[in-house]
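Here is a short report on how parts of one protein chain pack and pair. Keep the structure open as you read.

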Amino acid sequence: MKNHIKTLSIMLLLSTSIISCKVSKEVKIPEDAIPVTFRDVNIQDSTTSVADLNWKTFFTETTLQKLIDSAIHRNNDLLVAQKNIDIAQLQLKQAKFNNIPNLNLQITSNSTNPSNNSLNGISLNQFLKKEHIEDFTAAASLSWEADIWGKIGNQTKTTLSQYAQSEEAKKALQTTIVAAVSKGFYTLLMLDAQVEIARKNLELNDKTLFMINLQFESGHVSLLAKQQAEAQRLVAAQLIPLLEQNIVIQENALSVLTGGFPKAVERKVMLSAIASQNQLSVGVPSALVGRRPDVKNAELLLQEANAKVGITKASLYPSLTITATGGLNAFEASNWFSLPTSLFGVVAGGLTQPLLNGKKLSTQYEIAKVQREKAVIGFRQSVLIATGEVSDALIKIQKIEEQNTKLSLRVATLQQAISNADMLFKSGMANYLEVITAQSNLLQSELELVSLKKARLEADVDLYRSLGGGWK
C-alpha cells in the first residue's frame with residue numbers, strides 16, 4: 001500500500017510541475033477599436049459622465065420614479081433575465097469544481113456458479129470443495145485529470161464569462177426599459193398638453209363661429225364663410241377624441257412595461273413643469289466599456305472566445321489521467337472486513353493522445369480561432385453603435401434647442417396675430433379667411449411646440465442610455 005501512495009505522489013508531483021503550461025495566446029481588445037473623443041465634443045473633464053448617476057438622481061419627478069421602480073421589480077422580461085443570471089450562477093459554482101478529483105464509493109457482492117464440466121467448475125470442486133464462489137468488495141475509486149494545457153481552467157473561464165454576460169444582459173435590458181418608461185411617461189404628458197391645446201382651440205373656434213353666424217344672419221358674410229368656420233371648428237373637435245384614444249393606449253403600454261394590467265396612470269405634473277437637462281457630461285469613449293452593458297458584453301464574448309481557443313487547442317495534446325482504487329475484498333463474507341489481509345489497492349496513470357479524431361479536433365480549433373476573430377469584429381461594431389448613438393443624442397439636444405427657440409417665437413407671434421385678427425374682424429378690417437388661417441396655424445404650432453418639448457426630454461434620455469446609464 002505504501003508503494004501505491006508513493007507512486008501516486010510521484011504522478012501528482014509530475015503533473016503539477018507542468019500544470020501551468022499554456023498552448024494559446026489570448027487576443028486583447030484592439031487599441032484602435034475605441035476613439036479618443038466623441039464627435040464634435042470638447043472634453044474638459046474626462047472623469048465624469050452623466051451615466052454615472054443613479055437613475056433616481058437623473059429622473060427626479062416622483063411619479064416617473066414610481067413607474068421606473070415598478071418596471072425594474074415587476075417587468076417580466078427583467079424577471080426572466082434575473083432567472084438567467086441565477087442559472088449562470090449555479091453553472092459557475094459547478095465549474096469551480098472542474099479540477100476536483102472524482103471520488104466514488106462502490107460496494108458489490110456477487111456469486112458465480114460455473115458449470116461442473118468447465119475448468120473453473122472442476123477446479124472449484126477440487127480445491128475449495130464448493131460449487132459456487134462468492135466475492136465481496138467495498139472500494140473507493142479516485143480519478144483526476146491533470147490540467148496540463150489549461151483546458152479545465154479555460155472551461156472555468158468560459159463559464160465565468162457566460163455568467164458575467166448574463167448580468168450585463170440584464171443591465172442592458174434595464175437601461176432599455178428605464179428609457180422606454182421615461183419616454184412613455186413624457187409621451188403621456190405631451191398628449192395631455194395637446195388635448196388641452198385642442199380644447200382651448202375649440203373654444204376659440206366656437207367664439208369665431210358665433211361671430212360669423214351673427215354676420216351671416218345680418219348678411220355681412222356668405223354661407224361659404226360659415227361653412228369654412230364650421231369645418232375649422234371640426235378639425236379641433238376631431239383631434240380631441242384621437243388624442244384621448246392615444247392617451248389610453250399609452251397608459252396601457254406603460255402598465256405592461258411596469259408589469260401590471262392596463263389601467264390609468266397617475267400623473268401630478270404637466271410637461272411644461274419638467275425641465276430638460278443642461279450641461280450633460282459625456283466623458284470619453286473608452287469609459288463605455290465599463291459603463292455600457294452591451295459593449296461590456298462584447299468584451300466578455302471576446303474573453304469567452306479566447307478561452308474556447310485554449311480549450312480546443314488543448315484537446316490536440318495528450319491528457320494525463322491518474323486513477324486509484326482501494327478498499328476491502330474477500331470471497332467469504334466473514335473475512336470481508338478482516339484487516340489488513342482484505343485490503344487491496346491499485347494506482348494507475350495514463351497519457352491519452354487523440355489519433356483518429358485528430359482532424360476533427362484540429363478543425364474545431366480552427367473554427368474557434370475564426371469565432372474569436374468574429375468576437376473582435378463584434379466588439380468593434382458594439383463600440384461603433386455606442387459612439388454613434390451618443391453622437392446622435394448630442395446633436396439632437398443641440399438642434400432641438402435651436403428649433404425650440406424659433407418655434408417659441410412663432411407661437412408667440414401667432415398668439416398675438418389671433419388677438420389682432422379677432423379685433424380686426426369685429427371692426428370689419430379683416431375677413432374670415434384671415435381669422436381661420438391664424439387659428440389653424442396657431443393650433444399646429446402649439447401642438448408642434450409640445451412635441452418638440454417631449455423630443456428634447458427624450459434626447460436627454462437617449463444620451464443617458466447611450467452612455468450606459470439606467471442600470472445603477
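Predicted model: local features only at pLDDT ≥ 70, side-chain atom pairs only at ≥ 80, totals over all residues.

Residues are numbered from 1 along each chain as its sequence is written, and side-chain values use heavy atoms, with hydrogens and water left out.

**Two helices in contact**

Start with helix 3 (residues 62-74) and helix 4 (residues 76-95). Helices here are DSSP runs (H or I, at least four residues), numbered from the N terminus. The axes of helix 3 and helix 4 are 6 Å apart, and the angle between the two is about 40 degrees. Axes are lines fitted to C-alpha atoms over the stretch in contact, and angles run from 0 to 180 degrees between N-to-C directions. That angle makes helix 3 oblique to helix 4. Oblique is what remains once roughly parallel (under 35 degrees), roughly antiparallel (over 145) and roughly perpendicular (65 to 115) are taken out.

Which residues make the contact? Helix 3 brings A71, I72, H73 and R74, and helix 4 brings N76, L78 and L79. Contact means heavy atoms within 4.5 Å. By class, four of these residues are nonpolar, two are polar and one is charged. Nonpolar covers Ala, Val, Leu, Ile, Met, Phe, Trp, Tyr, Cys and Pro; charged covers Asp, Glu, Lys and Arg; the others, Gly among them, are polar.

**Salt bridges**

Side chains of opposite charge can pair when their charged atoms come close. A salt bridge is a side-chain nitrogen of Lys or Arg within 4 Å of a carboxyl oxygen of Asp or Glu. How many does a search of the whole structure find? The count is 21 salt bridges. Among them are these:

| Pair | N to O distance |
|---|---|
| R292 and E389 | 2.7 Å |
| E366 and K369 | 3.5 Å |
| D462 and K396 | 3.6 Å |

R292 and E389 link distant parts of the chain, 97 residues apart. R292 sits in the loop between helix 8 (288-291) and helix 9 (293-314), and E389 sits in helix 10 (residues 358-426). R292 is buried, at 4% relative accessibility, whereas E389 is partly exposed at 24%. Buried means under 20% relative accessible area, exposed means over 50%, and partly exposed lies in between (1.4 Å probe, protein chains only). R292 and E389 also belong to a network of salt bridges with D294 and R465.

E366 and K369 both lie in helix 10, three residues apart, or about one turn of the helix. E366 is partly exposed at 41%. K369 is partly exposed too, at 25%.

D462 lies in helix 11 (residues 432-466) and K396 in helix 10, 66 residues apart. Are they buried or exposed? D462 is buried at 15%, and K396 is partly exposed at 40%.

**Aromatic pairs**

Rings of Phe, Tyr and Trp (its six-membered ring) pair if their centres lie within 6.5 Å; planes under 30 degrees apart are stacked, over 60 edge-to-face, and the rest tilted. By this rule there are four aromatic pairs. One of them joins F58 and F59, edge-to-face, with 4.8 Å between centres and 85 degrees between planes. F58 and F59 are both buried.

The rings of F59 and Y464 have centres 5.9 Å apart and planes at 85 degrees, so this pair is edge-to-face. F59 lies in the loop between helix 2 (55-58) and helix 3, and Y464 lies in helix 11, so the pair ties together parts 405 residues apart in sequence. Y464 is buried, as is F59. Ring pairs link F58, F59 and Y464 into a cluster.
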